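Please keep the sequence and the structure in view while reading.

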Amino acid sequence: MVTFLGFATSVRRRKVVDRMTATILSSASESRKRHVCRVLRILRSLDSPAVYSTFPVIESMIRVFCTVLAGLLGLAFGSFLNVCLSRWPEGESVVKPRSHCRSCRRTLTWWENVPVVSWVALRGKCRTCGAIISWRYPAVELAIGLLWATVVWQAGAASFEQFIVSEKPYAAVFSVLLKMSFLWLLVALAMLDAEHLWLPNWLTIPGVVLGLINVIVGMFSARRYSIVEPGLFIAAFDWAGGVIAAAGLILIIRWTYWLIRRREGIGLGDAKLMAMLGAWLGLSGALFCFGIGVVLGALFALTALALPASRRDSENWLAAKLPLGTFLCIGGIISALCGQPIIEAYKRWAGF
Ligand SMILES: [Zn+2]
């Protein structure tokens with residue numbers, strides 16, 4: 001057993017050393033070469049299989065630790081998002097005053113502000129006035145917590161070795177942080193559209209810009225391009241094409257609908273949201289979101305139509321607006337977390 005372990009780890013070690021040597025040879029920057037040489041020296045000094053065999057264990061411990069940390073951070077940022085979702089539509093500051101009951105205005109104590117736990121402990125009611133605290137509060141907190149944990153867990157699939165050897169480890173960390181903010185924005189927009197049919201420009205337009213930053217950071221971490229190569233311009237052109245085409249699709253539908261019904265069908269906010277999705281996920285990703293959005297919207301409409309309460313005033317119902325933005329955001333979340341395998345499977349199936 002020990003011999004086997006020693007053999008396995010020595011194979012593993014040789015692989016790492018080979019890969020790192022290749023990195024040194026191909027590395028352009030002097031400081032990077034020095035860094036990799038230093039890591040190699042440390043690895044050589046750990047020349048015992050017993051030490052080396054702990055690497056995978058440390059790897060998975062770091063991965064689990066980071067995932068739990070991201071989940072807890074997500075709960076806190078979800079709690080902050082709840083404050084924003086309650087105060088933005090009223091035009092209030094999200095910083096002042098401190099968290100309070102929106103019915104009796106009493107300032108909450110620290111233990112009434114713990115994400116999810118407080119809502120469960122208070123059974124969804126204010127302690128003093130008994131006003132119902134919407135299930136939206138724990139739902140948004142849980143959503144952000146789970147999404148952030150998933151992003152970090154997925155990013156952790158790249159091993160420790162890859163991380164050490166990679167040319168730009170900080171770019172990888174930065175792109176994870178960007179993806180977390182993208183998901184936060186998607187949940188915010190989904191809730192605002194569901195509750196107020198409102199997709200504020202000051203969320204969607206920064207979302208488009210963040211998408212561009214994400215593309216640039218992604219290029220650096222993949223070490224495919226440097227800033228002087230024409231690759232950057234081609235990628236930027238590609239990016240702009242995706243943004244314009246995604247928004248254009250909504251604008252065409254909006255215009256066609258107006259020609260036929262002489263009434264606004266899809267809002268301009270949805271066009272900007274599609275631009276944001278195009279900026280992050282490319283045109284194929286944005287189209288995927290649109291497909292999911294339309295299917296979910298149709299299912300929602302059919303379900304609502306089947307309920308007797310809404311059928312009674314079906315005249316009003318037909319004129320009522322569906323929160324398309326919410327469904328697009330759900331598509332965006334699915335696409336951001338597992339879009340690539342789905343799109344690739346579809347392309348294979350369709351024979352591209
Ligand atoms: Zn109260």
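Helices (H or I, at least four residues) and strands (E, at least two) are DSSP runs, numbered from the N terminus. Just after one such run, H14, glycine 351 takes a positive phi of about 80°.

## Model and confidence

The model is predicted, so that local features are reported only at pLDDT of at least 70 and side-chain atom pairs count only at pLDDT 80 or more, whereas totals for chains, interfaces and linings use all residues. Residues are numbered from 1 along each chain as its sequence is written.

The pLDDT, which is the predictor's confidence in each residue on a scale from 0 to 100, has a mean of 84 over the protein chain, and 80% of the residues reach 70 or more. Confidence is highest in helix H6 (residues 136–155), with a mean of 96, and lowest in helix H13 (residues 314–319), with a mean of 54. Over residues 1–8 the pLDDT is below 50, and this stretch has three contacts in the model beyond near neighbours in sequence; here two residues are in contact if their C-beta atoms, placed from the backbone, lie within 7 Å.

## Overall make-up

The protein chain has 14 helices and zero strands. Of its 352 residues, 26% count as buried, a residue being buried if 20 or more other C-beta atoms lie within 10 Å of its own, exposed if 12 or fewer, and partly exposed in between, with C-beta atoms placed from the backbone. Among contacts between residues at least 6 apart in sequence, 72% join residues at least 24 apart.

Helix H11 (residues 268–306) has 39 residues, for which a straight helix would span 57 Å at 1.5 Å a residue, yet its end C-alpha atoms are only 29 Å apart; the expected span is 1.5 Å times one less than the number of residues. H11 bends by about 125° at leucine 281, where the bend at a residue is the angle between axes fitted to the seven residues ending there and the seven starting there.

Helix H14 (residues 324–350) also falls short, since the ends of its 27 residues lie only 27 Å apart, C-alpha to C-alpha, against the 39 Å that a straight helix would reach. The bend in H14 is about 85° at cysteine 338, and proline 341 follows within four residues. The buried residues of H14 include Leu324, Phe327, Leu328, Ile333, Ala336 and Gly339.

## The nonpolar core

A nonpolar core is a set of buried Ala, Val, Leu, Ile, Met, Phe, Trp, Tyr and Cys residues joined through C-beta atoms within 7 Å. The largest one here has 58 residues, and those with the most contacts inside it are Ile144, Leu183, Val187, Ala188, Leu189, Met274 and Leu277. H4, H6, H8, H9, H10, H11 and H14 each supply at least two residues of this core, and the largest share, 15 residues, comes from H11. Leaving aside neighbours within four places in sequence, leucine 183 is in contact with Leu147, Trp148, Val151, Ile333 and Ala336.

Glycine 211 lies in helix H9 and counts as buried because 22 other C-beta atoms lie within 10 Å. Although glycine 211 and leucine 277 are 66 residues apart in sequence, their C-alpha atoms are 8.2 Å apart. Not counting residues up to four places away in sequence, glycine 211 touches Met276, Ala279 and Trp280.

Tyrosine 137, in helix H6, is buried because it has 21 C-beta neighbours inside 10 Å.

## Backbone angles in the loops

Most residues other than glycine have a negative phi, and most peptide bonds are trans. The peptide bond from lysine 96 to proline 97 is cis, with omega near -10°, and proline 97 lies in the loop between helix H4 (55–87) and helix H5 (117–121).

Arginine 105, also placed in the loop between H4 and H5, has a positive phi of about 70° although it is not a glycine; with 9 C-beta neighbours inside 10 Å, arginine 105 counts as exposed. Arginine 262 has a positive phi of about 55° and sits in the loop between helix H10 (231–261) and H11. Arginine 262 is likewise exposed, because 7 other C-beta atoms lie within 10 Å.
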